[in-house]
Amino acid sequence: MIAKTYLPAEWSQQSAIQLTWPHQNTDWADQLEAVERVYFDLAAAILKYENLLVSCEDPLKLQGIESTLKPIAERSGSKLCTFTVPADDTWARDHGPITVFENKQPVLLDFRFNAWGDKYRASKDDAITKTLAELGAYGANETRAVDMILEGGSIESDGEGTLLTTEKCLLNESRNSGWSKKQIEAALQQHLGVKRTLWLKHGFLAGDDTDAHIDTLARFCTRDLICYVSCTNEGDEHFDELKLMETELRGFVQESGLPYTLVPLPMASPIYDGNKRLPATYANFLIINGAVLAPVYDVPEDQQALEQLQKCFPSRDIVAINCAPLIKQHGSLHCITMQIPAGVVS
């Protein structure tokens with residue numbers, strides 16, 4: 001029997017959100033207190049809507065996490081599952097499992113993770129999914145190792161076989177060296193059930209070290225609606241590239257041949273760490289059951305971004321999470337989370 005494989009959209013029903021908690025040996029060490037506040041705010045928001053799976057290298061820290069979050073989970077009727085697992089860093093979107101369904105059964109794919117082209121250490125992070133599976137985090141569901149480097153932040157699924165991604169990331173020689181676009185597309189079809197791939201050639205964020213992850217630039221909100229980062233300031237360094245990206249998006253069509261509805265998200269005012277601009281983006285939101293958790297950065301565009309996201313998700317609550325501390329390590333809300341679809345975590 002030939003397996004019918006599909007990669008669900010993020011707005012599909014979820015059983016849990018997975019977090020890898022920061023600890024003193026991660027790159028967050030010099031701002032750990034501030035970053036943990038973000039994690040607790042995020043975790044509390046998630047638990048109001050669904051279950052939360054947390055791994056952390058430090059067992060003592062994990063006890064503190066449990067004591068703080070379990071009462072919130074109990075009040076909401078959600079479950080908090082915790083595991084002690086070694087970790088280099090905290091970017092669960094990219095080292096976490098990518099879950100597909102084969103013949104309606106969930107399979108957690110454990111792609112290789114090399115920290116965005118060996119930019120940082122990653123051996124512990126690369127083993128997190130395997131370790132969590134061995135500890136029973138995903139129940140009896142199959143976890144399958146895949147000999148391909150693929151980060152969750154580099155792909156967007158409409159749940160119906162269309163994938164949105166960027167050439168700068170998936171075709172980068174630092175990932176799967178020597179692989180052609182045709183080979184990448186064949187692998188996406190084989191492992192994720194992708195029927196067609198929409199490739200963006202343009203778009204970038206200053207300070208981004210992921211080589212243009214799609215979840216920082218453009219996102220599916222429904223099968224026929226894409227929101228994207230728009231820059232209207234001609235003096236901004238992003239203006240030309242994001243205009244070219246917008247033109248590409250306008251040229252994309254659905255499988256039916258109809259154009260996509262496009263909703264622009266504002267470009268956040270520049271935020272710097274010293275003289276380095278940080279990659280603040282409103283596209284790095286997380287869709288959960290009944291809500292969208294939206295990053296904000298204490299800049300004037302925050303409110304406009306929340307209003308635009310409400311247009312994209314009119315039936316969901318829009319919950320703002322202050323992610324200003326996160327972008328000091330060049331990521332945001334979506335980057336530190338991974339959704340686990342319904343049917344995986346009991």
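How many residues does α1 have, and what distance does the helix reach from its first C-alpha to its last? Helix α1 has 16 residues and reaches 22 Å, close to the 22 Å expected at 1.5 Å a residue; the expected span is 1.5 Å times one less than the number of residues. Helices (H or I, at least four residues) and strands (E, at least two) are DSSP runs, numbered from the N terminus.

This is a predicted model, in which local features need pLDDT of at least 70, side-chain atom pairs count only at pLDDT 80 or more, and totals for chains, interfaces and linings use all residues. Residues are numbered from 1 along each chain as its sequence is written, and side-chain values use heavy atoms, with hydrogens and water left out.

Four strands form an open sheet of mixed pairing, in the order β4-β3-β2-β19. Strands pair if DSSP finds at least two bridges between them. Because β4 (80-84) and β19 (337-341) each have a single partner strand, one side of each is left without a neighbour in the sheet. β2 (residues 14-20) and β19 are antiparallel over 5 bridges.

Two helices pack on this sheet. Contact means heavy atoms within 4.5 Å; angles (0 to 180 degrees) lie between N-to-C directions of lines fitted to C-alpha atoms, for helices over the stretch in contact.

| α1 | β2, β3, β19 | about 170° with β2 |

Buried residues (under 20% relative accessible area, 1.4 Å probe, protein chains only) of α1 include L32, V35, E36 and Y39.

Note on methods. Buried < 20%, exposed > 50% of the residue type's maximum accessible area, 1.4 Å probe, protein only.
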